Amino acid sequence: MMLGWRTEPSASRFQPLLPMTAADLRSLLAETADLPLDPQFAGRTRWIVEANRQPVGTISLTVESREHGLGAIGYGIGERHRGNGYATDAVRALLPLAFSPDSADLWRLEAVAATDNETSRRVLERCGFQLEGIARSYFLIRGRRVDHARYAILREEWEQTRSTERRHSEPAPL
Ligand SMILES: CC(C)(COP(=O)(O)OP(=O)(O)OC[C@H]1O[C@@H](n2cnc3c(N)ncnc32)[C@H](O)[C@@H]1OP(=O)(O)O)[C@@H](O)C(=O)NCCC(=O)NCCS
């Protein structure tokens with residue numbers, strides 16, 4: 001399933017995916033899938049994104065620096081499942097896991113998207129990430145150096161979004 005998504009041409013259009021066999025992928029997942037998060041967590045974990053109990057994609061969280069509370073995310077949704085809000089929902093669901101003090105306890109979460117990967121950029125913007133600049137020639141993708149938009153969201157921005165959402169969901173006073 002995951003091997004299928006990775007080999008879809010649109011998956012490698014915007015991401016520097018290393019060639020992997022099914023066995024490579026199996027051992028990668030065995031080592032890194034769904035690791036328990038706590039404030040000491042370092043390294044990378046990933047999840048299978050499910051919709052209606054079906055696997056539709058993957059999302060990962062990497063702690064880039066424990067000292068600085070800095071993390072990064074990456075994600076992909078299988079071609080036939082796109083356009084249903086699954087990436088947006090998955091990124092939104094990951095934010096509390098990244099920022100909560102009893103989870104990964106990060107302060108800053110980064111993501112990059114190829115400048116012309118407009119769908120992915122809008123996913124990040126919908127989830128509250130802010131554009132911080134363009135990293136020129138950032139990744140080598142299919143033999144070409146590709147500029148990437150750099151995004152980040154801070155814990156305080158996520159907290160603000162949550163309190164606004166809570167306020168809006170409270171019943172209006174009579
Ligand atoms: C980028 C990618 C992850 C987006 O996945 P997705 O699940 O289709 O994303 P979403 O469904 O959340 O958003 C896509 C569109 O669906 C729309 N949509 C449909 N139903 C929706 C819903 N219920 N909720 C939110 N958005 C919805 C969104 O508005 C969005 O439209 P837009 O492009 O006009 O903004 C996917 O295209 C992909 O895997 N691409 C290849 C790999 C890749 O680029 N990975 C990211 C590297 S940075």
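Two strands pair if DSSP finds at least two bridges between them, and strands here are DSSP runs of E with at least two residues, just as helices are runs of H or I with at least four, numbered from the N terminus. The views below come from a predicted model, in which local features need pLDDT of at least 70, side-chain atom pairs count only at pLDDT 80 or more, and totals for chains, interfaces and linings use all residues. Residues are numbered from 1 along each chain as its sequence is written.

**View A. Strands β1 and β2 side by side.** Here β1 (residues 43-51) meets β2 (residues 54-65) in an antiparallel pairing with nine bridges. The hairpin has two residues between the strands, and asparagine 52 takes a positive phi near 50°.

**View B. From β2 on to β3.** Eight bridges join β2 and β3, again in the antiparallel sense. A handy landmark is leucine 61, which has isoleucine 73 as its bridge partner in β3. Four residues lie between the two strands of this hairpin, and glycine 69 in the turn shows a positive phi of about 60°.

**View C. The shell around the ligand.** Look for 20 residues surrounding the ligand, the closest being Arg82, Gly85, Ala87, Thr88 and Arg122 (a residue is near if its C-beta atom, placed from the backbone, lies within 6 Å). Two or more residues each come from α2 (9-13), β3 (70-77), α4 (86-99) and α5 (118-126). With four residues, α5 gives the most.
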